[in-house]
Amino acid sequence: MNGTVTILERGPVRIHSYMSPADTFHTTTQFVETPARIVAVDAQMLPAHADEAVAYAKGLGKPLDRLIVTHAHPDHYNGAARFGVPVHALPQVRAQILARGDSVLPTGETIPVGDFTPTVDLFPGTEVIDGVPFVFEALAGGEAQDEIVVKLPEQGVLIAQDVIYHDVHLYLGNDDIPGWEAALATLAADPAYDTILPGHGLPTGPEIYDRVRAYLSDARELLTTERAADGETYKKAITDLHPTYTGPFLIDIANRSLFPAEH
């Protein structure tokens, strides 16, 4: 297996967190295994990693029920067709995915937009799936224009996806640090969740909120002073401050939006 899987036991529920290799920024797919089925959250950037994640899930011996796409960034939806189940997303996320259109992989391969367009509208609220309450909460602004997070209140698990990065450089291409800080504050204000599943990196705990806040604070200071007069200066400065973080190419991708005159 190229990726890695972390398994969390929570009574009648097991969560399997699949994380892709570092060259695709440790992107995660979460599988929530209930007594009789599996709910998947996010679909990987590369089809090969989606195939690997799906093969792992099928090895659990329960049917995949649905795929939830949390936001309109290709590293979380490119592989959706490989899951072979209905794709659920916020209506506004579906519209944003359609607006982005076909997805071109680093290999040059094109995935048609119809292969990953969500087909089922997802709305904030609580849905009981196979006896397990799933709470869907919508957030606006921050890492993405719109995003859904999934809470499992009986298990104390928050599937935060790209509101949280763990030991991976943050993608700031949406250019909305205040919005990201507001989203963090919303999640951190609820102490009921002791396990946080990020969109990039391994499962973690509530201490991750302060680590993401610190990175955002560093980024804001760099981007509003002469220390980050250009993209390369910013990249060097932020990687110097966070030398153990993986995925520095996420900075390059974000810099296309943060420093458009250079691209």
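Entry 1: I started with Glu127, which is partly exposed at a relative accessible area of 31%. My cut-offs: buried is under 20% relative accessible area, exposed is over 50%, and partly exposed lies in between (1.4 Å probe, protein chains only). I work on a predicted model, where local features need pLDDT of at least 70, side-chain atom pairs count only at pLDDT 80 or more, and totals for chains, interfaces and linings use all residues. Residues are numbered from 1 along each chain as its sequence is written, and side-chain values use heavy atoms, with hydrogens and water left out.

I then looked for the partner of Glu127 and found Arg66, in a salt bridge with closest N and O atoms 3.1 Å apart. A salt bridge here is a side-chain nitrogen of Lys or Arg within 4 Å of a carboxyl oxygen of Asp or Glu. The two sit 61 residues apart, Arg66 in strand β5 and Glu127 in strand β10 (residues 125-129). Helices (H or I, at least four residues) and strands (E, at least two) are DSSP runs, numbered from the N terminus. Arg66 is buried at 9% relative accessibility.

**Entry 2: the other bridges.** I searched the whole structure and got 15 salt bridges. One of them joins Arg14 to Glu33, at 3.1 Å between the closest N and O atoms. This pair links strand β2 (residues 13-19), which holds Arg14, to strand β3 (residues 28-33), which holds Glu33, 19 residues apart. Glu33 is buried at 5% relative accessibility, whereas Arg14 is partly exposed at 27%.

I also checked Arg82 and Asp51, which meet at 2.7 Å, N to O. Arg82 lies in the loop between β5 (64-68) and β6 (87-89) and Asp51 in helix α1 (residues 47-58), so the bridge ties together parts 31 residues apart in sequence. Both count as partly exposed: Arg82 at 38% relative accessibility, Asp51 at 33%.

**Entry 3: two helices.** I turned to helix α3 (residues 177-188) and helix α4 (residues 208-223), which pack at about 165° with axes 10 Å apart. Axes are lines fitted to C-alpha atoms, for helices over the stretch in contact, and angles run from 0 to 180 degrees between N-to-C directions. So α3 is roughly antiparallel to α4, a label for angles over 145 degrees.

Which residues in α3 and α4 meet? Contact means heavy atoms within 4.5 Å. Among them I noted Trp180 and Leu184 in α3, and Val212 and Leu216 in α4.

Conventions. Angles under 35 degrees count as roughly parallel, over 145 as roughly antiparallel, 65 to 115 as roughly perpendicular and the rest as oblique.
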